Amino acid sequence: MEGKSIFFFVLFFVLPLIAKQASATRHVVGGSQGWEESVDLNSWASGETFKVGDQLVFKYSSGLHSVVELGSETAYKNCDLGTSLDTKTTGNDVVKLNKVGTRYFACGTLGHCDQGMKMKIITVAGNAPSTPASTDSGAFTAHSFPRFLMFSPLLFTFLLCILF
């Protein structure tokens, strides 16, 4: 009997927690082309749904580009890099989307922002509908996880009553 209890515990309590974490999406900025001048970054961003818990992955040639997060729409529109909130330079940078709101990113290389290498994204609550094409991680998501398991405490109680 103890083996059944462990099985049910894992099935109804542990797996839903794993599924919730696996549902976060890693958005590779610019798609297969990456964070590059030739990419229409705002068009790319408009086709994505960014949720709290997701990550932006900036892939680019280190030394040629960088990622600067700007603090306001005015700084974004004017390419005012002097008021940056953060700068990343590794060529494989990850930015976690940890709250709802608008964020602004630009390339820190002289002239690149003015030439359009900048992007504005809007992060929505984690329970908002997502764009299926935005998944790049290859991991299973909440959409591929059986929905009935998300209500596991009720189902678990019901099964316990039936089985024991």
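**Ground rules.** I am working with a predicted model, where local features need pLDDT of at least 70, side-chain atom pairs count only at pLDDT 80 or more, and totals for chains, interfaces and linings use all residues. Residues are numbered from 1 along each chain as its sequence is written, and side-chain values use heavy atoms, with hydrogens and water left out.

**Aromatic pairs.** I looked for rings of Phe, Tyr and Trp (its six-membered ring) with centres within 6.5 Å; planes under 30 degrees apart count as stacked, over 60 as edge-to-face, and the rest as tilted. The count came to four aromatic pairs. One of them joins W35 and F58, edge-to-face, at 5.0 Å centre to centre with 90 degrees between the planes. W35 sits in the loop between β1 (26-28) and α2 (41-46) and F58 in strand β3 (residues 55-59), so this pair ties together parts 23 residues apart in sequence. I took helices (H or I, at least four residues) and strands (E, at least two) as DSSP runs, numbered from the N terminus.

Next I followed F58 to F105. That pair is tilted, with 5.3 Å centre to centre and 50 degrees between the planes. It links distant parts of the chain, since F105 belongs to strand β7 (residues 101-106), 47 residues from F58. W35, F58 and F105 form one aromatic cluster.

Are W35 and F58 buried or exposed? Both are buried, and F105 is buried too. Buried means under 20% relative accessible area, exposed over 50%, and partly exposed in between (1.4 Å probe, protein chains only).

**A charge over a ring.** I also checked Y76. K118 lies over its face, 4.7 Å from the ring centre. The rule asks for NZ of Lys or CZ of Arg within 6 Å of the ring centre and within 35 degrees of the ring normal.

**Nonpolar cores.** A core here is a set of buried Ala, Val, Leu, Ile, Met, Phe, Trp, Tyr and Cys residues joined through side-chain atoms within 4.5 Å. The largest has 18 residues, and those with the most contacts inside it include W35, F58 and F105. α2, β3 and β8 (118-124) each give two or more residues to this core. Its largest share, three residues, comes from α2. Another core lies apart from it, with eight residues, among them L70, C79, A106 and C113.

**Cavity.** How many cavities of 30 Å³ or more are there? I found one. A cavity is a set of points, on a 1 Å grid over the protein atoms alone, where a 1.4 Å probe fits but cannot get out; lining residues have an atom within 4 Å of a point. Grid points are joined across faces, edges and corners, and the volume is the space filled by probe spheres set on the points.

L41 is in helix α2. Why does L41 count as buried? Because its relative accessibility is 1%. L41 and M117 are 76 residues apart in sequence, yet 7.1 Å apart in space, C-alpha to C-alpha.

T123 is in strand β8. T123 is buried as well, with a relative accessible area of 1%. Contact means heavy atoms within 4.5 Å. Beyond four places away in sequence, T123 touches F50, K51, V52, L97, K99, V100 and G101.

Note on methods: 1 Å grid on protein atoms, 1.4 Å probe; cavity = no way out; pocket = protein on both sides within 12 Å on 5 of 7 lines; lining within 4 Å.
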